[in-house]
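Subject: Structure handover

Hi,

Here is the structure I promised to pass on to you. Please have a look at it first, and then read on for what turned up in it.

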Amino acid sequence: MNIIFSGFFHPIIGILTGILLSFGAENLGRLIYKNFYPSFFFLNLILGVTTITLVSYILILLNLSNVINLILSYVLILLGFHRFFTFRNFRIKKINLNFYQLIIFFILILFFLITIAPPSMSDSLAYHLGVARYIYLYNHWPSPNMWLH
């Protein structure tokens with residue numbers, strides 16, 4: 001696996017790469033959508049992710065995904081850098097939270113901490129991550145006899 005995507009040196013590098021990929025997908029959606037309608041961040045993000053997904057599926061069907069998906073990832077990181085440094089539409093306003101909104105915000109922060117924690121469930125470590133790694137390394141589905149549980 002490529003070092004920049006795996007967070008080999010530190011998990012924060014993988015998180016920052018994911019954030020840059022998200023900004024790159026949003027920038028791609030903004031570039032596609034700007035001629036049609038004045039859009040906003042989440043609409044651009046959905047359009048960018050959908051476009052990337054469709055292109056990746058086509059590349060997988062044509063058996064060209066090994067090299068081109070890596071190039072596409074680096075292009076998205078570069079677009080993410082560009083969008084991150086030219087992001088002007090985000091305005092921070094004074095936030096007045098009541099007690100219930102504060103609890104919801106706290107729960108969302110806890111969910112975020114859970115998502116950046118390493119996987120530790122045995123099912124996830126044994127099967128879900130193993131199959132994904134096998135597909136990444138060998139470009140085909142593993143035999144079902146490899147995971148008997």
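Contact here means that heavy atoms lie within 4.5 Å of each other. With that in mind, Ser56 is in contact with Asn69 and Leu72, once its neighbours within four places in sequence are left aside. Please remember that this is a predicted model.

Ser56 belongs to helix α3, and with a relative accessibility of 16% it counts as buried, the cut-off being under 20%. Helix α3 runs over residues 41-61, and its 21 residues should span 30 Å at 1.5 Å a residue; the C-alpha atoms at its ends are 30 Å apart, so expectation and model agree.

Which residues of α3 are buried? They are Asn44, Gly48, Ile52, Ser56 and Leu59. These residues cover an arc of only 95° around the axis, and therefore sit on the same side of α3. On the face turned away from that buried side, α3 carries the exposed residues Phe42, Ile46, Leu54, Tyr57 and Leu61. Just after the helix, Asn63 has a positive phi of about 60°.

Now for the aromatic rings, which may be of interest to you. A pair of aromatic rings is described by the distance of the centres and the angle of the planes. How many aromatic pairs does a search of the whole structure find? The search gives 4. In one of them, the ring centres of Phe81 and Phe85 are 6.3 Å apart and the planes are at 5°; the pair is stacked because planes under 30 degrees apart count as such. Both Phe81 and Phe85 are in helix α4 (residues 65-85), where they are 4 residues apart, about one turn of the helix. Phe85 also forms an aromatic pair with Phe84, this one edge-to-face, at 5.4 Å centre to centre and with 75° between the planes.

Phe85, at 63% relative accessibility, counts as exposed, since the cut-off for that is over 50%. Finally, ring pairs join Phe81, Phe84 and Phe85 with Phe23 into a cluster.

Best wishes

Terms used:
Residues are numbered from 1 along each chain as its sequence is written. This is a predicted model: local features need pLDDT of at least 70, side-chain atom pairs count only at pLDDT 80 or more; totals for chains, interfaces and linings use all residues. Side-chain values use heavy atoms; hydrogens and water are left out. Helices (H or I, at least four residues) and strands (E, at least two) are DSSP runs, numbered from the N terminus. The expected span of a helix is 1.5 Å times one less than its number of residues. Buried means under 20% relative accessible area, exposed over 50%, partly exposed in between (1.4 Å probe, protein chains only). The arc is that of the directions from the helix axis to the C-beta atoms. Rings of Phe, Tyr and Trp (its six-membered ring) pair if their centres lie within 6.5 Å; planes under 30 degrees apart count as stacked, over 60 as edge-to-face and the rest as tilted.
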